[in-house]
Amino acid sequence: MVSFYDFAQAHGLLIRDLRDDGHIHRVPTQSKPRSDNGAYMFENGRGWVMDWAQAERVHWWQDENAKPWTPEDKAAAEQRHRQQARERAQRAAKAAATARELLQTAQLLTPRPAMPWRPGRQATDAVLAHPYLILKGFPNESGLVASGELLIPMFDVGTYRQIFGVQRVAQDGSKRFLTGQRAKGAIHRFGNGRQRECWLVEGYATGLTVREALRRLYRPADVVICFSAGNLMHVASTGIGTHVMADNDSSRTGEDAAIETGLPYSMPKQAGTDANDLMCAEGIGAVCELVQRRI
């Protein structure tokens, strides 16, 4: 009997990691490999697939030992998944509201050197950058800070107006997102979004590093932070990006994502490092060379 994986492939879906959890998962299709134009649900030997390019038709599947789908089963499954979608949307809306509140209460921390005392003037204390920015080699970088956390706003990739959430970076460098916030299609951008050259990266520190390298090379460009390898592929599928700066993960996740985008990419040679690690170890000049040495 044809497996669910083969069934999905026969209907044009490209599933890299099949999940048997009863949830809807968006995936690329053979006709649109750079877009999540397909969807599937698989649980306990039963499931369905669909391709939005094919008039949203659902194709049902079950193995020979599973209880057959009945019209009532199908209706119940569709109702359950609609409810799951509503709940996800509600959680995402709540997270977006929380993000807006956090950003409204945050303070812009702008580092400045201490000013010495002079007759008729009071001495001014030095203001240091957030510890994470200092650790990553950017002691002069401003940042939004609330309760000791560096806040990185995450906007929608389409218009860059709707806030999806924030990445919260603690002083020890640990990172977390708001519970329930939408991550797919969420970006943070350096630049005005109108430059012909646009680099896609995963992390904030990598984004700062690539931006600095491009400045040193006098190359006007946007840098888009995608927060994960999976989301980087999604952002690229929307038509944004001309290059990728990949993380050299031991698992090859970063490079695989870069290859999947079809865009020229660069990556540090040493496994387990990213562009910021390279800058901290060898200086910004090494990153400039990396930017110019695309694969």
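Colleague: What share of the contacts in the chain with a separation of 6 or more comes from residues 24 or more positions apart?

Modeller: In this predicted model, such pairs account for 51% of those contacts. The chain itself comprises 8 helices and 14 strands, and its C-alpha trace spans about 90 × 40 × 35 Å along the principal axes.

Colleague: How many of its residues are buried?

Modeller: Of the 295 residues in the chain, 45% are buried. The accessible surface comes to about 16,100 Å², and carbon and sulfur atoms contribute 49% of that area.

Colleague: Why is His243 called buried?

Modeller: Buried requires a relative accessible area under 20%. His243 has 10% relative accessibility, and therefore it counts as buried. This residue belongs to strand β13.

Colleague: What makes the pair His243 and Thr242 a polar contact?

Modeller: The two side chains approach to 2.7 Å. The limit for a pair of N or O atoms is 3.5 Å, and residues adjacent in sequence count only if both atoms are side-chain atoms. The contact here runs from side chain to side chain.

Colleague: Why is Glu197 placed among the buried residues?

Modeller: The relative accessible area of Glu197 is 15%, so the residue is buried by the criterion of under 20%. Glu197 is located in the loop between β10 and β11. Leaving aside neighbours within four places in sequence, Glu197 is in contact with Leu214, Arg219, Pro220, Ala221, Asp222, Thr242 and His243.

Colleague: Why is Arg194 called exposed?

Modeller: The term exposed applies over 50%. Arg194 has 67% relative accessibility and therefore counts as exposed. Arg194 also lies in the loop between β10 and β11.

Colleague: Why does Phe177 count as partly exposed?

Modeller: Partly exposed covers the range between the buried limit of 20% and the exposed limit of 50%. Phe177 has 39% relative accessibility, so it counts as partly exposed. Phe177 is in strand β9, residues 175–177, and it touches Met154, Val166, Gln167 and Phe227 when residues up to four places away in sequence are not counted.

Colleague: What makes the phi of Tyr160 worth noting?

Modeller: Most residues other than glycine have a negative phi. For Tyr160, phi is near 55°, a positive value in a residue other than glycine. Tyr160 is in the loop between β7 and β8, and its relative accessible area of 18% means that it is buried.

Colleague: Why is Asp274 called buried?

Modeller: Asp274 has 17% relative accessibility, so it counts as buried. Its place is the loop between β14 and α7. Beyond its neighbours within four places in sequence, Asp274 is in contact with Thr206, Asp247 and Pro268.

Colleague: Which backbone nitrogen atoms does the side chain of Asp274 reach?

Modeller: The side chain of Asp274 reaches the backbone nitrogen of Asn276 at 3.0 Å and that of Asp277 at 2.8 Å.

Colleague: Which residues touch the most other members of the largest nonpolar core?

Modeller: Tyr204 and Met245 do so, in a core of 34 residues. Another core, of 22 residues, lies apart from it and includes Leu178, Val224, Ala246 and Tyr265. With neighbours within four places in sequence left aside, Tyr204 is in contact with Leu133, Leu150, Ile152, His188, Phe190 and Ile225.

Colleague: Which residues of helix α8 are buried, and what covers them?

Modeller: In α8, residues 284–292, the buried positions are Ile284, Ala286, Val287, Cys288, Leu290 and Val291. Their cover includes β11, α4, β13, β14 and α7.

Methods:
Residues numbered from 1 in each chain as written. Predicted model: local features only at pLDDT ≥ 70, side-chain atom pairs only at ≥ 80, totals over all residues. Heavy atoms only, no water. Helix = DSSP H or I, 4+ residues; strand = E, 2+ residues; numbered from the N terminus. Buried < 20%, exposed > 50% of the residue type's maximum accessible area, 1.4 Å probe, protein only. Contact = heavy atoms within 4.5 Å. Areas by Shrake-Rupley, 256 points an atom, 1.4 Å probe, with all protein chains shown as cover. Polar contact = N/O pair within 3.5 Å; in protein donor to acceptor, adjacent residues only side chain to side chain. Core = buried A, V, L, I, M, F, W, Y, C linked by side-chain atoms within 4.5 Å.
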